[in-house]
Amino acid sequence: MFLTRSRSRLLSLSLPTLSRVITSTTRRSLCNPCLFQTSISTFNTIQPNKTISHAFYSTNTNEATPNHTQTHNDALNSSLPPNHSTEHKTFEDPRPKILNASLPHVHKHGWTIEALSLGAKDVGLPMIANGLFPNGPIHLVHHFVDKCNKEMAIELGKSKEHLATLRFKDKIGFGVKMRLRMIQPFINHWPQAMALLAHPPNIPDSLHHLYLLVDEIWHHSGDKATDFSWYTKRATLAGIYTSSELFMVSDTSENFQDTMGFVDRRLDDVIAFSKFRREAEMTVDMILKTASSFIPKKFPSSKDSTTP
């Protein structure tokens, strides 16, 4: 009876408390051999019990401790299907796929949320995935403009040999006309796109895409300017391209031939103005040099003049 109660109490104790109890009992047992023998018998009876993990609290450094983390992972992996992969998959942004899938719907629905919703549906996402574009259809317009700019840069790079045979004005016109023809499939809804691009909150991004457009054309035309004309050339070409787009949306000629003629005339005007400016600068410079030849380099001082 005494051993049963003692064993029940000892099993409910933690290891530090059990250690103190054993130490106190041992001290008392040294003076009482009967009590000492009873304590040893009681401790031996609880050793087989697995409530206390000797491996976890072992002071023997040579004794291997169980790897609880590995055991947990093994149990978790054993519960997964045989063909299940435990590798982490990289997250793929679905927005480019939605935007590409939305472009065919522009022909019917325009640059609208409906086109984005149908594009999301085409890639297997719910139609409410249009919420991934908080600014609305302007995301779709900028995506199309950026896509056209990249395609134009690739095509101009492939046309180096052809560009080398053209005059400088024709090189610029070749790039502008190529870029204009890329919006031809969406010409019926392009006024809506232009209105979205010109909306005040969207102007910074719109100007950025326009700068990339004209910079690619000048670059593939062989422009190597490093002075202030670098800015004026791009600003001038941006004006030509924008005015050509405005002309194109109202052009009813076959294959937009009137628009292509408009581009050529604007480029001729710019070249004529550049020639006029250079001639004017040369004329002014000549007048200043001629006038400076009649001005004495040194005026006589008052000390050199003699008084009668």
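Helices (H or I, at least four residues) and strands (E, at least two) are taken here as DSSP runs, numbered from the N terminus. By that rule Asn 255 falls in the loop between helix 13 (229-248) and helix 14 (257-294).

The structure is a predicted model, in which local features need pLDDT of at least 70 and side-chain atom pairs count only at pLDDT 80 or more, while totals for chains, interfaces and linings use all residues. Residues are numbered from 1 along each chain as its sequence is written, and side-chain values use heavy atoms, with hydrogens and water left out.

**The chain as a whole**

The chain holds 14 helices and zero strands. Its average pLDDT (the predictor's confidence in each residue, from 0 to 100) is 77, and 59% of the residues score at least 70. Over residues 45-65 the pLDDT is below 50, and this stretch has 15 contacts in the model beyond near neighbours in sequence. A contact means heavy atoms within 4.5 Å. Among contacts in the chain with a separation of 6 or more, 63% join residues 24 or more positions apart.

The accessible surface of the chain is about 21,500 Å², and carbon and sulfur atoms account for 60% of this area. Such areas come from the Shrake-Rupley method with a 1.4 Å probe, and for residues only the protein chains shown count as cover. Of the 308 residues, 29% count as buried. Buried means under 20% relative accessible area, exposed over 50%, and partly exposed in between (1.4 Å probe, protein chains only).

Two packed helices are described by the angle between their axes and the distance between the axes. The axes are lines fitted to C-alpha atoms, for helices over the stretch in contact, and angles run from 0 to 180 degrees between N-to-C directions. Angles under 35 degrees count as roughly parallel, over 145 as roughly antiparallel, 65 to 115 as roughly perpendicular and the rest as oblique.

The axes of helix 5 (residues 95-102) and helix 8 (residues 138-158) come within 10 Å and cross at roughly 85 degrees, so helix 5 is roughly perpendicular to helix 8. Leu 99, Asn 100 and Ser 102 of helix 5 make this contact with His 139, Leu 140, His 143 and Lys 147 of helix 8.

Helix 8 and helix 12 also have axes within 10 Å, crossing at roughly 5 degrees, and the two are therefore roughly parallel to each other. The residues of this contact divide into seven nonpolar, six polar and three charged. Ala, Val, Leu, Ile, Met, Phe, Trp, Tyr, Cys and Pro count as nonpolar, Asp, Glu, Lys and Arg as charged, and the others, Gly among them, as polar. One of the residues on the helix 12 side is His 209; it touches His 142, Val 145, Asp 146 and Asn 149, not counting residues up to four places away in sequence.

**Individual residues**

| Residue | Relative accessibility | Class |
|---|---|---|
| His 209 | 12% | buried |
| Ala 195 | 51% | exposed |
| Asn 255 | 40% | partly exposed |
| Phe 256 | 10% | buried |

Ala 195 belongs to helix 11 (residues 190-197). Its C-alpha atom is separated by 9.9 Å from that of Ile 138, 57 residues apart along the chain.

Most residues other than glycine have a negative phi. Asn 255, although not a glycine, has a positive phi of about 55 degrees. Phe 256 is likewise not a glycine and has a positive phi of about 55 degrees; Phe 256 is placed in the loop between helix 13 and helix 14.
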